[in-house]
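Welcome! Have a look at the sequence and the structure below, and then we will walk through a few of its features together.

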Amino acid sequence: MARLIANLIIYLCLLCSIIKANESGDSNVQDTAAKVVYKTPEISGFAYLVETFDNEEKFKKSWVLSEAKKDSVDEDIAKYDGIWSIEEPKEHAQEGDLGLVLKSKARHAAISTTLSKPFYFGDNPLIVQYEVNFQEGQECSGAYLKLLTLDAEHQDLKKFHDKTPYTIMFGPDKCGNNHKLHFIFRHKNPLNGSIEEKHCKKPRERLEDFFKDKQSHLYTLIIRPDNSFEIKVDNKVVNSGSLLDDFTPPVNPPLEIEDPTDVQPEDWDDKEKIPDLSAVKPDDWDEDAPAQIVDEDDIMPEGWLEDESPMIPNPDSVKPEDWDIEMDGEWEPPEIPNPKCADAPGCGPYKQKMKKNPRYKGKWSPPLINNPNYKGKWKPKLIHNPNYFNDQHPFRMMPIFAVGFELWSMSTDILFDNILVADDEEVARKWAEDTFEVRRARIEKESVTLWGRILKVTNYKPGWWVLYFIYCAVPVVLYIWYLLKRVREDKYDVKDEDKQPLEANEQTAQKQEETENQLPNTEAEEETEKLNENEEIIESEDNDNPAIGGDGPRRRKPNKD
């Protein structure tokens, strides 16, 4: 057992040293990467907005904090007093690579900036692209970007608030278990000029990991003049479709609608089934029969204490000293369960159980038959929709002059970076390569060690923790099994060694017993020989010496020895 414990300790020490070495390798790689000089990327073509937030002085001049208040909200939270800051990311930072960070929690925050020139929807596509990093995870908040409508009455960005008209709202949003990637555009009715929001269908891909992995993600919206759109996350398409077909409510209203003035005729019979009036209640139908009756076969269990009450007054209870009979009435001690009933099946009068009544049928009603006068479900007649229009170019939205974040967040440290508004997909693609892809490649290099790769993969896919646990546990279990097997073999070897000395000892004992048994026999034979010798000596003396006097010959006593 001691060997098993020692081997386990050695294995754990080796594992810890490997993990520590990988962690130190991670830190060394990060230190090396941090020394790489960051250079602000440059746009390869024209863009309506390019913002890296690397120049704090430029940011202060171009971005405007809102000083507005929200309507119909408590005064304490009506102000847009959220805190914005320019700083490096918390993880995988690089000196000089800065971003816009929403620092505050449970506050309204709004900030905006103008485009280099207004964007008009014509022959070129619109590309909106920016990075978001929920550095502390996401509890309940949005990180969407609003593209503000060019409107003479809403040019002052200091008054930017939730009612400021926008043309497009795009970006991630989450509260509770509801994960969204918004794409909303406001469509202008060509007949009456009214504005209605159109909400894009839900993406095909799962979005949960983007909110909780604490990694930077690139969100891209592409709207083309042919009314098609694409939504990408990290350069991967997660949603696509048509402005005409994939929005709710649809851009174009129906050609016909139900006549609101149409009324159902009084003689319209919309009952598909009616009672059979010719049916008669059967004679044996008893409507008064109860649903349940007493089970006569039920007998009282043996040991039931009929004379004992289930509850008895508490004999230890004492009337309170301040009890007032006039005010409180006659005092009675509280009841407690009868201790005699604890081991009995029951106490008190026994009541037989109830069972279903086989004669019960309930209230009789005639069966239903097909209605001969049934005309079907009535619907109002259709008329031409007076508000109908057919807009085949919903891409031609209201022009845009600024972008801004107008948010309420229950999470802190939301980082925004590398915002782009352009009309050339190739420019946007090249910008993503020079910003997001470079950052992602650098982070991957910083996580090249085994430990870093495992952390990265499990961070993106937490459900794989079980697989990684099994993967790490298999060699440990095999090693423990091997050690246990060795311990068992050692025990068997010790038992065999113990058996051999025991058998040798038994043989030695048998030899000693045989030797001890032989010794007494030898001693007896020696005594007998001595006695015979003594007798021979005596006889010889008698023969050599004649008798003196009349006593005859004197005999020598045998020697006891």
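At 11% relative accessibility, Cys-347 counts as buried, where buried means under 20% relative accessible area, exposed over 50% and partly exposed in between, with a 1.4 Å probe and protein chains only. Please keep in mind that this is a predicted model, in which local features need pLDDT of at least 70, side-chain atom pairs count only at pLDDT 80 or more, and totals for chains, interfaces and linings use all residues. Residues are numbered from 1 along each chain as its sequence is written, and side-chain values use heavy atoms, with hydrogens and water left out.

**Cysteines**

- The structure holds one disulfide, meaning a pair of cysteine sulfur atoms within 2.5 Å.
- Cys-347 forms this link with Cys-341, and their sulfur atoms lie 1.8 Å apart.
- The link of Cys-341 and Cys-347 is left-handed, with -120° about the S-S bond.
- Cys-341 counts as buried because its relative accessibility is 16%.
- Cys-200 is also buried, at 17% relative accessibility.

**Nonpolar cores**

- A nonpolar core is a set of buried Ala, Val, Leu, Ile, Met, Phe, Trp, Tyr and Cys residues joined through side-chain atoms within 4.5 Å.
- The largest one has 64 residues, and Leu-126, Ile-168, Phe-183, Phe-405 and Phe-416 touch the most other members.
- Strand β24 (residues 400–409) gives this core its largest share, six residues; strands (E, at least two residues) are DSSP runs, numbered from the N terminus.
- A second, separate core has seven residues, including Ala-47, Ile-127, Ile-222 and Ala-422.

Note on methods. Helix = DSSP H or I, 4+ residues; strand = E, 2+ residues; numbered from the N terminus.
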